[in-house]
Amino acid sequence: MSRVLGIDLGTTNTVVAVFDGGRANIIPDLSGNRTTPSIVAFTENGQRLVGFAARNQQITNPENTIYSVKRFMGRRHKEVSHEEKIVPYTILGKPEEFVQIKAGKRKYMPQEIAAMLLRTMKETAEAHLDEDITEAVITVPAYFDESQRKATKDAGEIAGLKVERIINEPTAAALAYGLQARESKQIIVFDFGGGTFDICAIKIEDGNFRVLSVNGNTRLGGDDFDQRIIDIVADDFRRKHRVDLRHDPMALQRLKEAAEKAKTDLSQRLETQIMLPFISIDGRGAKHLEFTLTRETFVSVCIDLFDELRSCCQQVRLGSGLWGRSIADVVMVGGSTRIPKVQEIAKEVFEVEQLQKAINPDEVVGLGAAVLGGVLQGDLHDIRLMDVTAHSLGVELQRDKVGMLIPKNTPIPCHKKRVFSTPQDEQTSVPIRVLEGESKLASANRTLALFQLRGIPKLPRGVPQIMVTFAMDANGILYVAAKDEATGKHQDIEISEGVGLDKTEIERLRKTAAEFDKMDARQETVVDLRNHGEQVLAELAEWFAFNRKLMPKRTEIQIASALDKLRNRVKGRDTAAIRSALKRLDRVVLPLRKAG
Ligand code: AMP
């Protein structure tokens, strides 16, 4: 089997890794960055930017710069009212419809935006490995539901990747961690990133990774802490100057960046300053923002968010029975685990003195995805994953009741059969509403899909026996099949709600994405590429002068020749030639830069 990439598609950052030479390795981009901002922007002159280029222009183009797209994946408009308020771009669609995002002159499904990020990661990997890559493992929060998983898988396919597996982020982290120390143990993975929170108890034994219990919140992340800071600072500014900065997209973007920085500062210190000169101008002149934020205030304005974290942790402690000495490690994953109060909660609930922070929290999920890639490409043996469903699955019964099919924390893959009949005489079709959630009331759960069983023979009520099989695959994606018990005939199932994109839509979006790529290629002018080449040359020349004496002679010659080649090529106008010189340089230099 060819190589299978591991991609951690994060709310804030995306990471790509591959299993190679007996270990999982992060693949850096051409400039050596190991993580890429999960940001896509559309500029006024019709250009599309991805990653750092998109982030660099965010302040001046907030309405067309799409970040945190993960929060909208597989969501209907009515489900994202909170998220919609905190992003400066426009969300479209009727309440019941899946979200669409307005940017530039078009509207996009969140899957399309995510596909642009995934495609960039695919290209980064292809340039680095110098081969075509078509397969990937993509990570999702354990608490993602069915339609969020399906949307992520669709995004991979729109990006031209066959998604071999969707794996839960904490399970991926456990894989990367468990491979380092092979002995049997029980661990907690505390995964808290920019937009989602997962908490998971995992037993590792003889290469088996068995998830015991999972909990979390897909709408709780670092962004929410930033928003609380934005609100107290903006309220204070409004009181002093009678101007609400939240109504000015450019000021708001500056404030958002300052709020995130203040939050990260407070992970180190007890107090920080937010200073934004010339944040607003009116008839009376320019206004400057100055605000002192203490860690104590930060914790107090976010207290309900911390309470929610604590309550999810308590559920996992209860579900797994793990605490204190029965836990080998509480592995901290994701940028938001750097917040001291978050660490305090993890220690308090699981009654441990120390947390495992030695693994890079930004890279471990991507590395774990690559480990699973290693298993799938046949390079790693004796590793088995046993994950569980994060949510209960049922069907709607009469009087707003739920008929449970698959309870939460059931190991996957799994399937469940249930016989349905007709409530009225001579009824030829029956609707089946599949629900996801923990409420006993059908109406309080989320509708995953609405199916119509059609072609039922005309018989008295209760006589037809239709066996419906609900199967959840290892990716946490649901499949439904129905069979008439009397005739053994497979029944038609018509899906009228839910489930996201079908094959033709994915194919259409894949073609549209490819069009975009062609446009990008045209827009990537010779000038851009020359500038990039010159920048790389400037950076590397200094590094090479300093380090060349320490290198083996052969390596020194290789690098000198790759630098010469690029130096010559950036003088010309052949974009393919410049790109190939960059790739060559990348191949000879990166292993050394990584090593030291
Ligand atoms: P991730 O999705 O794992 O990349 O996490 C990104 C989130 O971690 C963002 O909300 C960051 O603001 C947050 N983050 C990164 N570093 C820190 C830090 N030192 N203190 C608090 N939050 C942080």
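**Helix packing, domains and backbone exceptions**

Q: What angle and axis distance describe the packing of helix α6 (residues 222-241) and helix α7 (residues 249-265)?
A: In this predicted model, α6 and α7 pack at about 115°, and their axes are 8 Å apart.

Q: Why are α6 and α7 called roughly perpendicular?
A: The class roughly perpendicular covers angles from 65 to 115 degrees. The angle between α6 and α7 is about 115°, and the pair is therefore roughly perpendicular. The crossing in which α6 passes α7 is right-handed.

Q: Which residues make the contact of α6 with α7?
A: On α6 they are Gly222, Phe225, Asp226, Ile229, Ile230, Val233 and Ala234, and on α7 Leu252, Leu255, Lys256, Ala259, Glu260 and Lys263.

Q: How do the residues of the contact of α6 with α7 divide?
A: Eight are nonpolar, one is polar and four are charged. Gly counts as polar in this scheme, and Gly222 is among the residues that α6 contributes.

Q: What makes α13 and α14 roughly antiparallel?
A: The cut-off for roughly antiparallel is an angle over 145 degrees. The axes of α13 (residues 526-547) and α14 (residues 553-569) cross at roughly 150° and come within 10 Å, and α13 and α14 are therefore roughly antiparallel to each other. Their crossing is left-handed.

Q: Which residues of α13 and α14 make the contact?
A: From α13 come Gly533, Val536, Leu537, Leu540, Trp543 and Phe544; from α14 come Glu556, Ile559, Ala560, Leu563, Leu566 and Arg567. Of the residues in the contact of α13 with α14, nine are nonpolar, one is polar and two are charged.

Q: How do you know that α9 is roughly parallel to α10?
A: Helix α9 (residues 303-320) packs on helix α10 (residues 340-350) at about 30°, with the axes 10 Å apart. Angles under 35 degrees count as roughly parallel, and the angle of this pair makes α9 roughly parallel to α10. The crossing of α9 past α10 is right-handed.

Q: Which residues of α9 and α10 meet?
A: Phe306, Leu309, Arg310, Cys313, Gln314, Val316 and Arg317 of α9 meet Lys341, Val342, Ile345, Glu348, Val349 and Phe350 of α10. By class, eight residues of this contact are nonpolar, one is polar and four are charged.

Q: How is the protein chain divided by the domain assignment?
A: The assignment gives domain 1 (4-220 + 305-387), domain 2 (389-499) and domain 3 (503-595).

Q: How do you know that domain 1 and domain 3 are in contact?
A: Contact requires heavy atoms within 4.5 Å, and 26 residues of domain 1 are in contact with 17 residues of domain 3. Between them the two domains bury about 1900 Å², with 56% of it on carbon and sulfur atoms. On the domain 1 side, Leu30, Arg48 and Ile158 lose the most area to domain 3, together 32% of what that side buries. The centres of domain 1 and domain 3, over C-alpha atoms, are 28 Å apart.

Q: Why is the peptide bond from Ile412 to Pro413 called cis?
A: Its omega is near 0°. Most peptide bonds are trans. Pro413 is placed in the loop between β22 (411-412) and β23 (414-420).

Notes. Residues numbered from 1 in each chain as written. Predicted model: local features only at pLDDT ≥ 70, side-chain atom pairs only at ≥ 80, totals over all residues. Heavy atoms only, no water. Axes fitted to C-alpha atoms, helices over the stretch in contact; angles between N-to-C directions. Helix = DSSP H or I, 4+ residues; strand = E, 2+ residues; numbered from the N terminus. Left-handed = near helix turned anticlockwise from the far one by under 90°. Domains from an automatic or database assignment. Buried area = accessible area lost by both parts, 1.4 Å probe.
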